[in-house]
Amino acid sequence: MKTICLEQNGPIFEIVLNRPEKRNAIDHTMIMEIDAALRTAEQDLNVRVVLFRAESQVFSAGHDLSGTAERPLAEERLDQELEEYYKKTLYIRDYSKPTIAVVQGACIAAGLMISQACDLVIATPNAYFSNPVARMGGVAAEVLFEPWDMGIRRAKQFLFTGDPLPAHVAMQFGMVNEVVDSEKALDRARELAAKIAAIPPITLRLLKKSLNHTQDIMGARESFEYHFIMHELGHTTEESQRLLYDARKDKNNLKQFLKQRDEKYVK
Ligand code: ZN
């Protein structure tokens with residue numbers, strides 16, 4: 001494993017995001033390694049709870065955009081994002097065992113597709129959640145958890161402005177279960193995991209399926225699919241192509257552009 005570490009603590013299987021030099025930016029390798037680890041853990045009867053955490057000051061700075069600056073064909077991007085982002089994120093959300101995320105520092109855009117796909121989220125006081133993709137002409141992230149986590153009105157403000165939410169506000173909004181001091185957060189998450197691990201796995205599996213089904217019959221599954229198509233359509237606009245792809249060639253140009261745009265509109 002190049003981008004994650006794995007740790008087994010009794011019935012708790014821990015997946016540790018481990019690209020601190022890249023602020024745990026999520027690249028292709030990390031997605032594939034997380035997926036492989038989850039699939040192995042799913043078959044392992046000794047694993048009763050999966051815990052995601054990060055070996056870094058931050059949970060994740062989002063997708064690693066440092067790759068190629070070439071614009072892919074729409075159909076290439078659709079296939080790639082469908083397989084790697086959409087399906088693998090929903091695999092975490094639908095995972096047959098309970099999942100917990102421990103979030104410290106930044107949790108940005110694609111980072112939310114791990115943390116918010118988990119069943120429980122424990123945040124440290126310095127954690128903040130941010131999805132500023134619209135500022136880059138993108139239609140949020142590939143999987144839209146926000147309306148389900150915080151409600152439509154809060155989701156609109158969060159996504160329209162791109163303003164970050166500090167941990168205590170995120171908890172108030174329902175994105176986070178508990179805010180726990182940095183030095184105690186992992187212990188608290190393990191304590192919760194141990195408590196959950198004591199429940200018969202089949203009971204939890206059925207209970208989780210029923211809870212997720214409750215959201216799904218309220219429309220979650222269909223709205224995820226609809227949003228994904230909107231997200232892909234958003235990628236094809238001239239604005240997003242210019243901001244998201246061309247900007248990768250020159251980050252300073254992008255910063256300058258965003259600064260000037262803000263100055264024009266934000267008085
Ligand atoms: Zn995308």
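**Close-up views of the predicted model**

View 1. Lys-2 is exposed, as its relative accessible area comes to 73%, where exposed stands for over 50%, buried for under 20% and partly exposed for values in between, with a 1.4 Å probe and protein chains only. The model is a predicted one, in which local features need pLDDT of at least 70 and side-chain atom pairs count only at pLDDT 80 or more, while totals for chains, interfaces and linings use all residues. Residues are numbered from 1 along each chain as its sequence is written, and side-chain values use heavy atoms, with hydrogens and water left out. Lys-2 belongs to the segment before β1 (4–9), helices (H or I, at least four residues) and strands (E, at least two) being DSSP runs numbered from the N terminus. Apart from neighbours within four places in sequence, Lys-2 has contacts (heavy atoms within 4.5 Å) with Asn-18, Thr-29 and Glu-33. The C-alpha atoms of Lys-2 and Met-30 are 7.7 Å apart in space, although 28 residues separate the two in sequence.

View 2. β1 is joined to strand β2 (residues 12–17) by six bridges in an antiparallel arrangement, and Ile-4 stands opposite Leu-17 of β2. Strands β4 (residues 99–103) and β6 (residues 120–123) are parallel and share four bridges, with Val-102 partnered by Ile-122 in β6. β6 also pairs in the parallel sense with strand β9 (residues 178–179), over two bridges, and here Ala-123 has Val-179 as its bridge partner.

**View 3. The three-stranded sheet.** A further open sheet has three strands in the order β5-β7-β8, again with mixed pairing. Its edge strands are β5 (106–108) and β8 (165–166), each of which pairs on one side only. Three bridges join β5 to β7 in the parallel sense, and Ala-106 has Tyr-128 in β7 as its bridge partner.

**View 4. The zinc ion.** The protein donors, namely N, O and S atoms within 2.8 Å of the metal (3.2 Å for Na, K and Ca), in a site that may look incomplete as water is not among the atoms, are Glu-81 (OE), Glu-81 (OE), Glu-142 (OE), His-231 (NE2) and His-235 (NE2), at 2.1 to 2.4 Å from the zinc ion. The spacing of these donor residues along the sequence is E-x60-E-x88-H-x3-H. Distant parts of the chain are linked in this way, since Glu-81 lies in helix α2 (residues 74–93) and Glu-142, 61 residues apart from it, in the loop between β7 and α4. Glu-81 and Glu-142 are both buried.

**View 5. Two residues with positive phi.** Arg-23, although not a glycine, has a positive phi of about 50°; Arg-23 is found in the loop between β2 and α1 (28–43) and is partly exposed, because its relative accessibility is 40%. Ala-140 likewise has a positive phi, near 50°, in a residue other than glycine. The place of Ala-140 is in the loop between β7 and α4, and with a relative accessible area of 11% Ala-140 counts as buried.

Note on methods. Pairing = 2+ DSSP bridges.
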